[in-house]
Amino acid sequence: MTDPHRPFTLIAELTYRCPLRCGHCSNPLDWAQRRDGLDTASWSRVFAEAAELGVVQVHLTGGEPLLRRDLPTLIAAAHRLELYTHLVTSGVPLSRERLCALRDAGLDAMQLSLRDADDTRADRIAGARVAAHKREVAAWARHLDIPLTINVVLRRDNIDGVDASIALAEELGADRLELASTQYLGWALVNRRALLPSHAQIARARASVAAARARLAERMEIVFVLPDHHAGAPRACMDGWARRFVVVSPDGLVLPCQAAHTIPTLRFERAGADRSLREIWRSSPALDAFRGEAWMPEPCRGCERRAIDHGGCRCQAYHLTGDAGATDPACARSPMHHVVTSALDGAPALVQLRTRR
């Protein structure tokens with residue numbers, strides 16, 4: 001029987017630093033006060049301890065992981081441990097020569113974020129003129145035979161361009177396209193009123209994705225992540241709290257997801273401080289807090305979906321209700337569901353986004 005709490009994936013947040021200023025950024029609101037707490041040797045030790053724990057793949061992300069000068073060394077360390085090594089990047093900054101070096105160090109695959117198929121809109125969302133360079137990066141990946149996923153975070157101002165984004169991913173030779181609806185935490189929660197699409201926009205996007213999947217079934221995988229604000233049911237956030245994913249933040253916190261450190265009632269341990277990653281994973285009170293089903297309130301505990309969505313997102317529950325143990329308000333059965341539906345009603349056509357400075 002598979003261990004219900006055996007992690008398969010390490011999400012290594014190498015830094016919170018980033019050259020872009022996207023209004024849906026998942027970085028902490030106080031990101032500028034945080035520093036990269038793990039050096040090259042510390043991250044290499046984290047990789048080794050993750051492999052011992054049963055992890056088989058590592059996602060190198062941020063912020064922007066390319067801002068780590070030791071990135072080739074870190075990729076080589078993961079490769080020696082036979083971890084499938086996946087770079088999650090904006091492509092800024094990156095040269096063809098550096099991408100060659102990353103591939104030669106053992107990089108297995110890359111996810112490249114695009115903002116829109118239209119360069120003007122894409123650059124406005126990113127807060128920098130980078131769209132043309134991102135297309136160059138995609139071309140380099142294809143020429144270097146690096147498996148490529150294109151990621152587009154969907155929001156009100158780009159979701160109507162889903163058809164064009166699909167066409168661009170096809171043109172760039174992507175193996176996989178992720179059309180990922182914004183998750184409203186961090187900066188995205190601050191900017192939620194400006195970012196939330198309408199039900200009609202979601203319906204049109206779903207129809208476009210369905211048609212494209214049928215047409216491109218043999219050539220490109222298309223993943224469409226429906227926003228739980230519209231679905232009436234929560235997603236299985238990270239496949240459940242501390243079940244399949246272990247996250248290590250730039251300052252070394254061992255987390256069940258990237259935003260868990262924003263729940264003030266939980267105290268997360270730091271990798272390499274006193275205990276090994278295995279010890280932290282197996283017995284950390286913070287990681288145990290929402291594992292399994294014993295913590296669930298009604299209506300979750302008696303719900304037939306509890307083994308599917310695992311109670312939804314604990315961070316969303318905290319930030320929308322003040323209680324991390326509450327039923328996720330994205331669920332139509334939640335007594336606090338109105339905090340989600342009210343956000344969808346009467347949103348203004350244009351709201352000034354707050355971006356990182």
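I began with the rule for strand pairing: two strands count as paired if DSSP finds at least two bridges between them. Strands are DSSP runs of E with at least two residues, helices are runs of H or I with at least four residues, and both are numbered from the N terminus.

I noted that this is a predicted model, in which local features need pLDDT of at least 70 and side-chain atom pairs count only at pLDDT 80 or more, while totals for chains, interfaces and linings use all residues. Residues are numbered from 1 along each chain as its sequence is written, and side-chain values use heavy atoms, with hydrogens and water left out.

**The sheet**

I looked up the strand order and found nine strands in an open sheet, β7-β6-β5-β4-β3-β2-β1-β8-β9, with mixed pairing.

I took contact to mean heavy atoms within 4.5 Å, and angles to run from 0 to 180 degrees between N-to-C directions, with axes as lines fitted to C-alpha atoms, for helices over the stretch in contact. On these terms, α5 lies across β4 (109-114) and β5 (148-154), and runs at about 160° to β4. Helix α9 (residues 199-216) also packs on the sheet, where it touches β6 (176-181) and β7, and its direction makes about 160° with that of β7.

**Where α4 meets α5**

I next checked helix α4 (residues 119-126) against helix α5 (residues 131-143), whose axes are 8 Å apart and which pack at an angle of about 100°. The two helices are therefore roughly perpendicular to each other, a term for angles of 65 to 115 degrees (under 35 is roughly parallel, over 145 roughly antiparallel, and the rest oblique). On the α4 side I listed Asp 119, Ala 122 and Asp 123, which meet Ala 131, Ala 132 and Arg 135 of α5. By class, this contact has three nonpolar, no polar and three charged residues.

**Backbone details**

I found a cis peptide bond from Val 92 to Pro 93, with omega near -5°, and placed Pro 93 in the loop between β3 (84-89) and α3 (96-105). Another cis peptide bond joins Glu 298 and Pro 299, with omega about 10°, and Pro 299 lies in the loop between α12 (285-288) and α13 (306-309).

Glu 82 is exposed at 73% relative accessible area, where exposed means over 50%, buried under 20% and partly exposed in between (1.4 Å probe, protein chains only). Asp 145, in the loop between α5 and β5, is not a glycine either and has a positive phi of about 60°; its relative accessibility of 70% counts as exposed.

**Cysteines**

I searched the whole structure for disulfides, meaning pairs of cysteine sulfur atoms within 2.5 Å, and the search found zero. For Cys 331, the nearest cysteine sulfur is that of Cys 303, 6.2 Å away. Cys 331 is buried, with a relative accessible area of 13%, and Cys 100 counts as buried at 18% relative accessibility.

Terms used:
Nonpolar A, V, L, I, M, F, W, Y, C, P; charged D, E, K, R; others polar.
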